[in-house]
Amino acid sequence: GLQALASYVWSHSIDFGSQATELPSSRGNSDFDVRHNLSAGLTWDIPNTKHFGAARTILDDWGVDGRLIVRSGFPFLLTGNLLTDSLGQRYYGGVNFVPGQPYYLYSNTYPGGKSLNPNAFMETTSTTENGTVPRNYFRGVGETQLNLSIRRSFPIKESTSLLFHADAFNIPNHPNFGAIDGSLTDALFGQATATLNNSL
C-alpha cells in the first residue's frame, strides 16, 4: 500500500532577449530558465487494524498522500538609469560590476533571507554601453512546498463508497517569494517584493 515517485530535472535555457523586445541581441538565460527542479510524491494506504466493531469503523480504510516541490529561482534582469538615445527613444541602461564587493547580502530582515548588494553594482552612463552584468545573470528565491492529503473510504454497498478527502497546502507555513526588484535606482533593489503567487 506504499508507493513513492521522485523526479529531478536539471536544465538550462538560453535565448536572445526572451520577452524583452528592447533586448533582441542580448544573449543570456531565458526568463523561464529554472536550473534545478525536484518533485516527489508519496501515497500510503494505511494497513487496516485487526480490531472489530467500533474500533474498526474508526481506524480502518485511511490513506495519506504527500507532495514535495523544490526548485531554484527564476532569473531576473538588472537595470540602471532611464536613458535617452540619439533618436529620442527612452530605455533603461545596463549595470556594471563593482570589483571586490560581494554580490549578495544575507539576513533574516530580507524576504527570502537574501538581497543583492547595491554596492556591488554601478550604473552605465553611455547610451551605447550594455554593462558588464549579463542579462538574467542573477536568480531570485527558489520555491519549496510540501502538501499533504488525508483520505478515507467509507463503504456503502459492494460497488459504492463515499470518499472523504482533506488537503493541506504548504505544511511548513512559510512564504515563497517571487518578483525581485532589479532596478538599481530603487530603494528595494535586489530584494523580493512579492510572493510567488502574485508574481507569476
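**Pockets, a cavity and salt bridges**

Biologist: How do the residues of the lining of the second largest pocket divide into nonpolar, polar and charged?
Modeller: The model is predicted: local features need pLDDT of at least 70, side-chain atom pairs count only at pLDDT 80 or more, and totals for chains, interfaces and linings use all residues. Ala, Val, Leu, Ile, Met, Phe, Trp, Tyr, Cys and Pro count as nonpolar, Asp, Glu, Lys and Arg as charged, and the others, Gly among them, as polar. On that scheme the lining of the second largest pocket has nine nonpolar, three polar and one charged.

Biologist: What volume does the second largest pocket have, and which residues are the closest to its centre?
Modeller: A pocket is an open set of points on a 1 Å grid over the protein atoms alone, with protein on both sides within 12 Å along at least five of seven lines; in a cavity a 1.4 Å probe fits but cannot get out, and lining residues have an atom within 4 Å of a point. The second largest pocket has a volume of about 250 Å³, counted as the space filled by probe spheres on points joined across faces, edges and corners. It is lined by 13 residues, and the closest to its centre are F74, G178, A179, I180 and S199.

Biologist: How many cavities of 30 Å³ or more are there, and what is the volume of the largest?
Modeller: Residues are numbered from 1 along each chain as its sequence is written, and side-chain values use heavy atoms, with hydrogens and water left out. At 30 Å³ or more, the structure holds one cavity. The volume of the largest cavity is about 50 Å³.

Biologist: Which strand gives the most to the lining of the largest cavity?
Modeller: The lining of the largest cavity includes F76, Y104, K114, S115, L116 and R139. By class, this lining has six nonpolar, three polar and two charged residues. Strands are DSSP runs of E, at least two residues, numbered from the N terminus. The strand that gives the most, with three residues from 114-116, is β11.

Biologist: How far is G140 from F76 in space, C-alpha to C-alpha?
Modeller: Both residues belong to the lining of the largest cavity. G140 sits in the loop between β13 (138-139) and β14, and at a relative accessible area of 8% G140 is buried (under 20%; exposed is over 50%, partly exposed in between; 1.4 Å probe, protein chains only). G140 and F76 are 64 residues apart in sequence, but in space the separation is 6.9 Å.

Biologist: How many salt bridges does the structure hold?
Modeller: Side chains of opposite charge can pair when their charged atoms come close. Here a salt bridge is a side-chain nitrogen of Lys or Arg within 4 Å of a carboxyl oxygen of Asp or Glu. The number in the structure is six.

Biologist: How many residues apart in sequence are the parts that D33 and R139 tie together?
Modeller: D33 forms a salt bridge with R139, with 2.4 Å between the closest N and O atoms. D33 is in the loop between β3 (27-29) and β4 (36-45) and R139 is in strand β13, so the pair ties together parts of the chain whose separation in sequence is 106 residues.

Biologist: Is R151 buried or exposed?
Modeller: R151 and D45 meet through their side chains in a salt bridge, 2.9 Å from N to O. R151 is in strand β14 and D45 in strand β4, so this pair also ties together parts 106 residues apart in sequence. D45 has 41% relative accessibility and so counts as partly exposed. R151, at 17%, counts as buried.

Biologist: What is the phi of N136?
Modeller: N136 is in the loop between β12 (121-123) and β13. Its relative accessibility is 3%, so N136 counts as buried. Although N136 is not a glycine, its phi is positive, at about 55 degrees.

Biologist: Is N173 buried or exposed?
Modeller: N173 is found in the segment after β15 (160-168). N173 has a positive phi of about 55 degrees although it is not a glycine. With 67% relative accessibility, N173 counts as exposed.

Key: Helices (H or I, at least four residues) and strands (E, at least two) are DSSP runs, numbered from the N terminus.
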